[in-house]
Amino acid sequence: YEIAEVTGVQTCALPILHKYLRELNLRGNLISQIGEGLQTNQELRMLDLSENCISRVEFMDGLGLNMLHLAQNQLASLEGVSTLSQLQVLNVRHNHITSISALRPEDLPKLRKLCVTDNRISDIAEVSGLEAFPVLADLQISPNPIVELPHFRAQVLYRLPRLRSLDAQIAPAEEKVKADLIYGVDVEQRDRKSTRLNSSHLCNL
């Protein structure tokens with residue numbers, strides 16, 4: 001069994017699925033909860049739960065998923081994704097996510113493509129936290145409040161120089177060098193200024 005598409009369900013507790021199923025499409029149902037039934041499907045590699053009403057990622061411990069699609073749900077957090085150590089592609093577009101700090105490189109060492117567009121991410125520190133992902137090459141983040149920051153694209157490429165694509169646009173080496181020269185210098189200047197201010201403050205104590 002390679003692919004199954006199921007419609008008209010309201011929970012993802014599906015013990016009846018064939019244990020050798022590799023791809024499962026549950027897009028566009030009324031699913032509000034991920035039940036324990038999926039844990040019996042150890043051969044599952046692609047799961048699409050987009051366009052549902054899911055608010056929590058749970059009961060995925062030990063699954064060997066390579067691709068997980070949770071676009072257009074009601075997620076406010078990415079807690080629970082870290083149990084998917086084989087995950088390579090994660091799509092959580094159009095949710096209510098404000099932070100991606102729950103994604104850790106030690107838990108998701110194979111993550112290479114991440115889509116978090118159309119959420120509520122506003123802090124550039126969230127992007128900085130992705131630097132340690134060893135094979136992350138494709139990031140899609142626009143639109144989010146964070147893109148309103150000055151020189152947003154340069155800021156991201158300065159922090160994530162290994163990216164090959166940002167927001168579905170190739171990130172050539174020339175652009176990364178420019179980001180490093182322009183934005184990197186700005187960061188260093190601000191860091192030096194902050195150090196001088198702190199030193200001055202200490203001397204005045």
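**Stop 1: helix 2**

Start by selecting residues 152-159, which form helix 2; this helix is mostly covered, with 6 of its 8 residues buried. Colour Phe-152, Arg-153, Gln-155, Val-156, Leu-157 and Arg-159 to see the buried ones. Keep in mind as you look around that this is a predicted model.

**Stop 2: the whole chain**

Now zoom out and show the protein chain as a cartoon. You can trace 3 helices and 9 strands. Walking from the N terminus, the order of elements is β-β-β-β-β-β-α-β-α-β-β-α. The chain has 205 residues, and 43% of them are buried. How do contacts link up parts of the chain that are at least 24 residues apart? Among contacts between residues at least 6 apart in sequence, 35% join residues with a separation of at least 24.

**Stop 3: the nonpolar core**

Hide the surface and select Leu-47, Leu-49, Met-60, Leu-65, Leu-68, Leu-90 and Leu-103. These residues have the most contacts inside the largest nonpolar core, which has 48 residues. Helix 2, from our first stop, gives the most to this core, with 3 residues.

Next, centre the view on Met-60. Which residues does Met-60 touch, leaving out those up to four places away in sequence? Its partners are Ile-34, Gln-39, Leu-47, Leu-49, Leu-65, Leu-68, Thr-83 and Leu-84.

**Stop 4: empty spaces**

Rolling a probe the size of a water molecule over the atoms shows where empty space is left. In the whole structure, the search finds 1 cavity of 30 Å³ or more. The largest cavity holds about 60 Å³ of space. To find its lining, select Leu-130, Glu-131, Phe-133, Leu-136, Arg-159, Leu-160, Pro-161, Arg-162 and Leu-163. By class, that lining has 6 nonpolar and 3 charged residues, with no polar ones.

Then move to the largest pocket, with a volume of about 160 Å³. Of the 10 residues lining this pocket, His-151, Ala-154, Lys-178, Ala-179 and Ile-182 are the closest to its centre. Helix 2 and helix 3 (173-203) each supply at least two lining residues, and helix 3 gives the most, with 6. The pocket lining is made up of 5 nonpolar, 1 polar and 4 charged residues.

**Stop 5: Arg-112 in its loop**

Select Arg-112, in the loop between strand 5 (89-91) and strand 6 (113-115). Is Arg-112 buried, partly exposed or exposed? It counts as partly exposed because its relative accessibility is 39%, between the cut-offs of 20% and 50%. Show its contacts beyond the neighbours within four places in sequence: Gln-88, Val-89, Val-135, Leu-136, Ala-137 and Asp-138.

**Stop 6**

Most residues other than glycine have a negative phi, and most peptide bonds are trans.

- Ser-142 and Pro-143 are joined by a cis peptide bond, with omega about 5 degrees. Pro-143 lies in the loop between strand 7 (138-140) and helix 2.
- Asp-118 has a positive phi, near 60 degrees. Look for Asp-118 in the loop between strand 6 and helix 1 (125-128).
- Asp-167 also has a positive phi, of about 55 degrees. Its place is in the loop between strand 8 (165-166) and strand 9 (169-170).

Note on methods: Residues numbered from 1 in each chain as written. Predicted model: local features only at pLDDT ≥ 70, side-chain atom pairs only at ≥ 80, totals over all residues. Heavy atoms only, no water. Buried < 20%, exposed > 50% of the residue type's maximum accessible area, 1.4 Å probe, protein only. Helix = DSSP H or I, 4+ residues; strand = E, 2+ residues; numbered from the N terminus. Contact = heavy atoms within 4.5 Å. 1 Å grid on protein atoms, 1.4 Å probe; cavity = no way out; pocket = protein on both sides within 12 Å on 5 of 7 lines; lining within 4 Å. Points joined across faces, edges and corners; volume = space filled by probe spheres on them. Nonpolar A, V, L, I, M, F, W, Y, C, P; charged D, E, K, R; others polar. Core = buried A, V, L, I, M, F, W, Y, C linked by side-chain atoms within 4.5 Å.
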